[in-house]
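Hi,

Here is the structure I promised to pass on to you. Have a look at it first, and then read on for what turned up.

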Amino acid sequence: MASSNINMDAVEALHVALQQSFSPDASVRDPAEAAIKNLKFVPGATQMLLHITEEKQVQYEVRQAAAIQLKNICRECWIERTSYLGVALLRRRRHQPRRHPSEISSLSEEDKAIVKQKLIECLLSEPDKSIRDLMAETVHSISIHDFPASWPELLPVLLNAVSMSSDPSQGLRVHNALLALRKVCKRYEYKSRDQRGPLNEIVIKSFPLLLPLAQRLSGPNEQSLEGAMMLKQILKIFWSSTQFYLPAGPNNPDGSATNAPSPALANPDAMGPWFDVLRAVLAKHLPEESQPASKEERNAWPWWKCKKWAAQIMTRLFSRYGIPSYAEEEVKEFAKYFSQNVAPQFLGPVCETLNLRPSGQFCTDRVVHYCLNFVDLAVELADTYKLLKPHMEFLLYKVCFPAMCLTEEDIQEFENDPHEFVHKQNSPLADFYDPRMSAITLVTSAVKYRPKDIMQPLLGFLTEILTRYNTTEEASRNHIEKDCALLVFGSLSEILLAKKKYASELEGLMVSSVFPDFNSQIGFLRCRACWMVQRFSNTPWSDDGTHLRTLTQLVLQRLSDPALPVQIEASKALRYLIEVDGTQVHLLPVLPHILNEYFRIMSEIGNDEVVVALQVIIDTFGEHIEPHAVALVTQLSSAFSNYIGAGEEDDDAAMAAAQCLECINTVLKGTCEHPEIYKGMEAHLIPLILMILGHDGEYLEYAEFALDTLTFLTYFPQQLSPELWKAFPLVYHSFQHWAFDYLCLMTPPLNNFISKDPQYFLTGKGDVPDVGPVPYIDMIFNMVSKAVQDDRTSESEARKSLTLYMSVLHNCTGQVDNYLPTINDIVLRKLGQQVNAEIPLTRHVIFQVLGSALYYNPQLELAELEKRGVTHQVFSQWEKDLGGMDKWLSKKLTVLGFSSILRIPASSLPQNIVPLLPSIITTVVRVAEEMKEEVEKGHTEDDDGAIEAEDEGDDDWEGFEENEDVTNVHDVAYMSALNKLSAAGDVSQFLLGGDDWDDELDDDEDYHSPIDNVDELHFMNDVLREAFQREPEVYQQLQAALPHETVVSFQS
């Protein structure tokens, strides 16, 4: 057992520093903050922080500050972090002094042992929510590294606390133990099956304790807040343990996850009690008098949180196992059981919950959202749709329609806080919490999949609303009801436009119910009219073009509407109108006015969709944009600066800022045929690039766009300005420190720098922050070395980095001899690692580099291979891989590299190469012949490339019958990909995008160099001719050893 010997004087000094960190006096506060930042280098600091955190008599703010520092130090310093060379990584922020290697911020084993021993006990007894949440996060950070191997006592301690749940006096400890247990489980939530061994063990040991507790807490007699808080944690543990995979059986003896089927799959009834708990929680009656008074307090009330988690888990289980046709083989039986027995039972409490609001009772938005999502899934499953069908009228008109209507709060925001209204209406997160969005999705799914039952009654309901509105006195009209009816029509636009019998009636809908609203006194109806244009821009007009011309003018007028939300929707609507035949002729004369209006709106609010719309305008009117290009870039750069100045909390401004950069790149793309225009833009764009790349990752989210901009500025102009070269060392520095993952976006501009001015590249130096002047070529070689050897690098990224070697060799002919040994060290080591790789793409790129080296100087390159004794192995593997090479660049460099060997007199060749000459000649002739055939074949195929028009759909198809499950090819593909994750990959990797699915990263078209101008066939023929003329006897002997078809090929 670790012992704690705390220096109480040091504890008191730390306590004072934490107090002083809140002082308004900078002379007091700054030294205190500096001392706190230095804590991670102080032995025993974690013990002192924990001591202060657990002392209840200490000022609350000081305890909280101590808990925060403890969490941060444990997260940052629990393990020693190393660089790609195996050297300990010192974290140093700007303006901080360099530290000696002995001052590495990692914790001692003694500190770790004492923290682990005391942390759990402190957490279990902590009543304050903020402080216990911080402690729980600390447990999570430590468990990532130490659980279970180095912290085996963690789970027994937590389960022992949970086992005391029958003792009312232990309620706090039980809840806090559950909180910590959930944090440990969460670590494995997104892991693949093979990486979930510890989680399976947790489930096996904890669920027998958690289930009876959950059954008691979800019972009708339990109403305490303490009980709700414990139940919420149990449900969160269940969620983390089941959302992607059902828990498997006991682990193998070595601790790895078992391949045995999940107990739940082997015996579906084993999950029955948990399903009963979920139903009981959602169905639990919450007396009105026991609930908090305000809506905000009710939303945060633990019992409503429990219902939210129950509904969320139900919906997740349904999406994974409710549709048997989506399930993979090993869960087919469980999916059948779930769809036939569990999903129909869930339907009852879900619909009862959705009836709360229509019956005048309260229900939180999140609970309604998940319940509607559940019903949306139930529409697709025959077993549940049969039960739903008699209630669809109630669900659509009494639940969904009211949920989609604007509330009084929405209207107040529209009029008094338009920025917040726009933010909410355009929030990308709305799909995850807003019942309006889930109601729209449910209505759309019902119409799409069960149109025979739903379509006509719904259209009749909506048409009646619009007719009633048009025939009612102005003062008595229900504007909210009409807005919602148009919202439903617009949400169904794809379905309606795809059916001829409905599409022909949309013109009347637009003219009678939408056109008048452009001039309505009701602001949100003007806003809805602009939104309807986005949904029905492709409406088939039957007149002489008057309606389309009128619509275009109405939208243009709304760009200057007094209400900001209307301006936003009008600017988005114009994007869709531009793509309609016949509108551009009306818009071109007023293009300068349109651009001014867009920039005025952008200066008012950050909205990415407005900038996207501007991007479409720029793209559409490409040839007419050039006179405005410099002004556009100036305005966009200014808008970007304004948006990033809005602060980190303004997500809308951040997204709009990113779209500004993308819009700038669209302007650059549109004017790339006249790169002289770029010079007028550089004064605005270079400072922007330097700012994004030069602030230690402060603007990380914009790095991708800045690197794209840099690619344009370095590729199209013939000369690069000295100011532009200042970006080179910043690219290098950002790669080394905070933008490692952006390597693939860095290589194109770096290749451009090398190719545009090789002499400046070879002789120049760049000023690297915190380092000083470094030769440009050394930066390149450091980057490639790190990228190829770092464990974080994916194979596609490693391949991309190797193109930098190729750029150096192709552009710096005869000037980088001293770098050939380094190139060979790196690529041959990588080849050794990849020699047995199933996917040969990395080997192919390595052979591109070796082919480039042979083309650069065959004598030196062969000497490098000989020096390492790998000549025969390299060429054998090269020829072996040639059969699978389909990239043009790989084949070209093979021809150039192999042919270059023949430029060396046979007497000067290494002895190991001479016996390979017949094979080398045969290979180069064969590959060259294949390339020639590919070119000829490509020309003939170009004439046969017509694409057949897609089937516009069956106008008579009326959806799925009620006894049919819905099948959707997109859902099947997604679920198949999710179900077939390899055992070695995380679910998170799949969701975020994994390695080697990025085939576009290996596109030859992205790479340009002087060898583009070298015809490989002519080069090969010239080299062979020179060789025969130089050494006729040698090559006549070689010719005799060649296959007949090889001789015929090169003679022809």
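Which residues of α22 are buried? They are Pro451, Ile454, Met455, Leu458, Leu459, Leu462, Ile465, Leu466 and Tyr469, where buried means under 20% relative accessible area, with over 50% called exposed and anything in between partly exposed (1.4 Å probe, protein chains only). They lie on the same side of α22, because they cover an arc of only 125° around the axis, the arc being that of the directions from the helix axis to the C-beta atoms.

A word on the source: this is a predicted model, in which local features need pLDDT of at least 70 and side-chain atom pairs count only at pLDDT 80 or more, while totals for chains, interfaces and linings use all residues. Residues are numbered from 1 along each chain as its sequence is written, and side-chain values use heavy atoms, leaving out hydrogens and water.

Now the overall picture. The protein chain has 53 helices and two strands; these are DSSP runs numbered from the N terminus (helices H or I, at least four residues; strands E, at least two). Of its 1052 residues, 53% are buried. Take the contacts (heavy atoms within 4.5 Å) between residues at least 6 apart in sequence: 74% of them join residues at least 24 apart.

The largest nonpolar core holds 334 residues. Such a core is a set of buried Ala, Val, Leu, Ile, Met, Phe, Trp, Tyr and Cys residues joined through side-chain atoms within 4.5 Å. Those touching the most other members are Phe275, Phe338, Met602, Phe761, Ile780, Phe875 and Trp878. Helix α14 (residues 302–321) supplies the largest share of this core, eleven residues. Leaving aside neighbours within four places in sequence, the contacts of Phe761 include Trp725, Tyr776 and Ile780.

Met602 is also among the buried residues of α30, as are Leu591 and Glu597.

The axes of α31 (residues 608–620) and α34 (residues 651–670) come within 8 Å and cross at roughly 5°; axes are lines fitted to C-alpha atoms, for helices over the stretch in contact, with angles from 0 to 180 degrees between N-to-C directions. That makes the two helices roughly parallel, a term for angles under 35 degrees. Val611 and Ile618 of α31 are among the residues making the contact, as are Met655 and Cys663 of α34.

Lastly, Gln848 sits in helix α44 (residues 841–856). Gln848 is buried, with a relative accessible area of 5%. Beyond residues up to four places away in sequence, Gln848 touches Met806, Leu889, Ser890 and Leu893.

Enjoy exploring!

Methods:
Parallel < 35°, antiparallel > 145°, perpendicular 65-115°, else oblique.
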